[in-house]
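This briefing is meant to be read beside the sequence and the coordinates. Please keep both open while going through the points below.

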Amino acid sequence: SYNAEKTIGNCISSLENQTTDKSFEIIVVDSSIDGTAKFVEKIFPEVRLYRFSERKFCGDARNFGISVANGEIIAFIDADCIANRNWAKEIINAHKTPQPAIGGPIANGNPDSYIGWAAYFCEFSQWMPNREAGWQKDIAGANMSYKRKVFQEYGLFLEKTYCSDTEFHWRLEQKSHRLRFEPSILIFHQNIDKFGKFLKHEFVHGRFFARVRMKAQNFSNLRRLVYTVFSFLIPLKLFIKIVLNNSKNRIYLYHFLKSLPLLTLGLISWSLGECVGYIGGRANGKNS
């Protein structure tokens with residue numbers, strides 16, 4: 001969690017109200033500069049809270065959580081998400097299979113926000129509710145679970161960067177492991193609802209994605225140049241992908257059409273960030 005005082009209460013409450021009869025632990029790794037840690041200590045004293053003064057990216061925080069977790073199944077949820085009541089139960093059932101990495105759909109947790117819808121489609125259109133079970137190359141780390149042995153065999157998340165979950169999933173794919181998507185493992189995500197923050201978020205994440213991609217895929221200088229020169233095509237590629245997702249799964253089709261103008265700006269902002277990332281060079285993150 002990072003500056004999540006406004007959202008983390010609903011997140012933890014949703015975990016405490018799970019329907020499963022199996023025991024599980026709740027670990028919060030916090031590096032906030034607001035009142036998140038004090039709030040968690042006061043309202044949820046039973047939670048295992050670890051507080052850090054320096055900012056931790058998602059990969060850094062998840063790696064620490066893995067190091068202190070006791071379970072053989074490790075599930076991740078972000079502090080701005082709410083878990084469906086049978087979330088833990090469905091994760092446990094799904095991991096009765098040999099699959100090492102299993103994720104689920106992400107629904108829009110603030111559907112009254114126009115900006116929130118644009119942010120949602122920019123980030124989560126691949127994992128909308130109502131999608132059938134199947135295999136995917138990537139699933140957002142906000143709703144992913146793994147058998148512990150995966151980290152023992154293939155290392156941890158890339159640190160000091162965003163997009164560490166995507167990079168980890170690329171590594172699993174290289175080892176012939178696919179991600180299983182299970183529709184019953186549902187969470188609701190509270191999306192950004194401020195215009196400036198939305199555009200900045202897309203730009204920053206696009207930049208980090210490019211840097212992580214170059215590192216993970218060992219870009220040559222020529223390939224880096226090609227991606228930079230043709231980066232003006234990125235918005236079109238992303239837009240077509242999102243259109244196809246909404247054409248196949250029409251659960252949010254009305255909201256998708258309504259949010260198109262702002263969604264387009266978000267994709268352009270991401271693409272500008274990605275272009276800057278290719279120009280600037282590779283990520284410095286390390287697998288710890």
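Is R48 buried, partly exposed or exposed? R48 is partly exposed, with a relative accessible area of 24%, where buried means under 20% relative accessible area, exposed over 50%, and partly exposed in between, with a 1.4 Å probe and protein chains only. The model is a predicted one, in which local features need pLDDT of at least 70 and side-chain atom pairs count only at pLDDT 80 or more, while totals for chains, interfaces and linings use all residues. Residues are numbered from 1 along each chain as its sequence is written, and side-chain values use heavy atoms, with hydrogens and water left out.

**Overall build**

- The protein chain has 12 helices and 10 strands, these being DSSP runs numbered from the N terminus (H or I with at least four residues for helices, E with at least two for strands).
- For 288 residues a compact globule would have a radius of gyration near 19 Å, and the 18 Å of the protein chain agrees with this; the radius is taken over C-alpha atoms, and the globule rule is 2.2 Å times the number of residues to the power 0.38.
- Along its principal axes, the C-alpha trace of the protein chain spans about 55 × 40 × 40 Å.
- Of the 288 residues of the protein chain, 50% count as buried.
- Among contacts (heavy atoms within 4.5 Å) in the protein chain between residues at least 6 apart in sequence, 78% join residues at least 24 apart.
- The protein chain exposes about 14,400 Å², of which carbon and sulfur atoms supply 55%; accessible areas come from the Shrake-Rupley method with a 1.4 Å probe, and for residues only the protein chains shown count as cover.

**Charges and salt bridges**

- The mean positions of the 38 positive and 27 negative charges of the protein chain are 6 Å apart, where Lys and Arg count as positive and Asp and Glu as negative, with His and the chain ends not counted, and where a charge is placed at NZ of Lys, CZ of Arg, CG of Asp or CD of Glu.
- Side chains of opposite charge can pair when their charged atoms come close.
- The structure holds nine salt bridges, each defined as a side-chain nitrogen of Lys or Arg within 4 Å of a carboxyl oxygen of Asp or Glu.
- One of them joins E25 to R48, with the closest N and O atoms 2.5 Å apart; since E25 lies in the loop between helix 1 (8–16) and strand 1 (27–30) and R48 in strand 2 (residues 48–51), the pair ties together parts that are 23 residues apart in sequence.
- E25, at 29% relative accessibility, counts as partly exposed.
- D60 and K160 meet through their side chains in another salt bridge, at 3.9 Å from N to O; D60 lies in helix 3 (residues 58–68) and K160 in the loop between helix 6 (148–154) and helix 7 (164–174), so this pair ties together parts that are 100 residues apart in sequence.
- Within that pair, D60 counts as buried at 4% relative accessibility, whereas K160 counts as exposed at 56%.
- A salt bridge is also formed by the side chains of R180 and E182, at 3.0 Å from N to O.

- C163 has a phi near 65°, a positive value in a residue other than glycine; C163 lies in the loop between helix 6 and helix 7 and counts as buried at 14% relative accessibility.
- S176 likewise has a positive phi, near 70°, and is a residue other than glycine; S176 sits in the loop between helix 7 and strand 9 (179–181) and is exposed, with a relative accessible area of 67%.

**Buried positions and their surroundings**

- W127 is found in the loop between helix 5 (114–124) and strand 7 (134–136) and is buried, with a relative accessible area of 5%.
- Leaving aside neighbours within four places in sequence, W127 is in contact with residues including G104, P105, I106 and F181; W127 and P183, 56 residues apart in sequence, are 8.9 Å apart from C-alpha to C-alpha.
- S125 is placed in the loop between helix 5 and strand 7, counts as buried at 6% relative accessibility, and, leaving aside neighbours within four places in sequence, is in contact with Y120, I242, N245 and N246.
- V29, in strand 1, counts as buried at 10% relative accessibility and touches, among them, Y50, F52, A61 and F64, not counting residues up to four places away in sequence.
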